[in-house]
Amino acid sequence: MDQTTILEKEGFLNLPIDKNLNLIEEIKRLKKEKNAVILGHFYITGDLQDISDYTGDSLGLAQKAANTDADIIVFLGVHFMAETAKILNPNKKVIIPDLKASCSLAESAPKDKFAAFKAQYPDHKVISYINCTADIKTLSDVICTSSNAEAIVNSFPKDQPLIFAPDKNLGNYINSVTGRDMVLWDGACMVHEKYSLEKILKLKKENPGASIIAHPECEKPVLLVADFIGSTTALLKHVENSDKQTFIVVTESGILHQMSKNNPDKTLIPAPPNDSTCACNDCAYMKLNTMEKLFLCLEHEQPELHLNQEQIEKAKKPIEKMLDISAKLNL
């Protein structure tokens, strides 16, 4: 079976690996030989975060992707993140360990349905959360991340009607802090929607001195009990700067790796989901990234992410607008 057939079937290069190989050393060697950069999101596993050249949230990753001088970008995250890197670097090779590392939030906004939705509001500008497909970015006026969403929204005049997509929870939160009445697309992240308010409150009762910190993709009832709401980077900074010693962390559990490294003396409790006895809440798509897949991806430079020229040209404008606004505000 050739590589193309394997990729179409599996989504990654499901090839045998010599058990005697030191994968970390081999990845470092391949990266140097090929002038590749590894960009990793905070939600991948700790071993992959440690081998990444840069680990960050969506804004930081987009900024790094825009400024890299590497010939190959290896993206350890999900599909829309690799698309963003390709849009910003159309002449570079962008590879991702598993093409099936999608995103429930991005998938919640199909292009045709969103285009029809947008057509109902001809006077509205479209702000799209970066957690969307390249196709949705082509229909947007500006992109935002959870780090800069409030600033991006406030960059528009108060009387400018807005559509916010695809995350209704983040949109609701931004409406609440800006006083806006943006029209919201009905999309959500399956990870951040699965948190159990009852279990979080039980944890708080068991740990009365703990601070509840949450990502704004969470549902409103969870955000209402949170002591601090912020992007992944903001959550990391908050824990580092806070006088509190115990935190109930309401976002994907991968963030605990960096939090623990930065705050070895603090107690971090992952918030549990509704539908299982598991003590944490993982993104199954993020966890499709593994050290073995990373090695094969770098060795064979596959799977490669491809976008057509029209997608790249149309999607690049709202991303660059976001980066310009962020740079002016020193975000």
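Me: In this predicted model, which residue meets the side chain of Lys202 in a salt bridge?
Reply: Side chains of opposite charge can pair when their charged atoms come close. In this predicted model, the N to O distance of the pair is 2.6 Å. The partner of Lys202 in this salt bridge is Glu206.

Me: In which helix do Lys202 and Glu206 both lie?
Reply: Lys202 and Glu206 are four residues apart, which is about one turn of the helix. An α-helix has 3.6 residues a turn, so residues three or four places apart point the same way. The element that holds both Lys202 and Glu206 is helix H12, residues 197-206.

Me: Is Lys202 buried or exposed?
Reply: A residue counts as exposed when its relative accessible area is over 50%. Lys202 has a relative accessible area of 52%, so Lys202 is exposed.

Me: How far apart are the closest N and O atoms of Glu33 and Arg29?
Reply: Glu33 and Arg29 lie four residues apart in helix H2 (residues 23-34), a separation of about one helical turn. Glu33 is exposed at 55% relative accessibility, whereas Arg29 is partly exposed at 34%. The two form a salt bridge, and their closest N and O atoms are apart by 2.9 Å.

Me: How many residues apart in sequence are the parts tied together by Lys287 and Glu252?
Reply: The side chains of Lys287 and Glu252 meet in a salt bridge, 2.8 Å from N to O. Lys287 lies in the loop between S12 and helix H16 (291-300), and Glu252 in the loop between S11 and H15. The pair therefore ties together parts whose separation in sequence is 35 residues.

Me: Is Glu252 buried or exposed?
Reply: A residue counts as buried when its relative accessible area is under 20%. Glu252 has a relative accessible area of 1%, so Glu252 is buried.

Me: Which residues are joined with Arg29 into one network?
Reply: A search of the whole structure finds 13 salt bridges. Some of the salt bridges share partners, and these join Arg29 to Glu26 and Glu33. The residues joined with Arg29 are Glu26 and Glu33.

Me: Why do the buried residues of H14 line one face of the helix?
Reply: The buried residues of H14 (residues 232-241) are Thr232, Leu235, Leu236 and Val239. Seen down the helix axis, these buried residues of H14 line one face because they fall within an arc of 100°.

Me: Which exposed residues does H14 carry on the face turned away from its buried side?
Reply: The buried residues of H14 are covered by elements including strand S9 (211-214), strand S11 (246-250) and helix H15 (255-262). On the face of H14 turned away from the buried side, the exposed residues are Lys237 and Asn241.

Me: Is Ser211 buried or exposed?
Reply: Ser211 lies in strand S9. Beyond its neighbours within four places in sequence, Ser211 is in contact with residues including His238, Thr246 and Phe247. At 5% relative accessibility, Ser211 counts as buried.

Me: How many residues has the largest nonpolar core?
Reply: In soluble globular proteins, nonpolar side chains tend to be buried together. Val74 and Met322 are among the residues with the most contacts inside the largest nonpolar core. Leaving aside neighbours within four places in sequence, Val74 is in contact with residues including Val37, Ile95 and Leu294. The number of residues in the largest nonpolar core is 96.

Me: Which strands are the edge strands of the open sheet?
Reply: Four strands form this open sheet in the order S6-S5-S7-S8, with parallel pairing. An edge strand pairs on one side only. The edge strands are S6 (142-144) and S8 (183-184).

Me: Which residue in S6 stands opposite Tyr129?
Reply: Strand S5 (residues 125-129) and S6 pair in the parallel sense over three bridges. The residue in S6 that stands opposite Tyr129 is Cys144.

Me: What distance separates the C-alpha atoms of Lys316 and Leu88?
Reply: Lys316 lies in helix H17 (residues 309-328). Leaving aside neighbours within four places in sequence, Lys316 is in contact with Ile87 and Leu88. Lys316 and Leu88 are 228 residues apart along the chain, and their C-alpha atoms are separated by 6.5 Å.

How values were computed. Residues are numbered from 1 along each chain as its sequence is written. This is a predicted model: local features need pLDDT of at least 70, side-chain atom pairs count only at pLDDT 80 or more; totals for chains, interfaces and linings use all residues. Side-chain values use heavy atoms; hydrogens and water are left out. Buried means under 20% relative accessible area, exposed over 50%, partly exposed in between (1.4 Å probe, protein chains only). Helices (H or I, at least four residues) and strands (E, at least two) are DSSP runs, numbered from the N terminus. The arc is that of the directions from the helix axis to the C-beta atoms. Contact means heavy atoms within 4.5 Å. A salt bridge is a side-chain nitrogen of Lys or Arg within 4 Å of a carboxyl oxygen of Asp or Glu. A nonpolar core is a set of buried Ala, Val, Leu, Ile, Met, Phe, Trp, Tyr and Cys residues joined through side-chain atoms within 4.5 Å. Two strands pair if DSSP finds at least two bridges between them.
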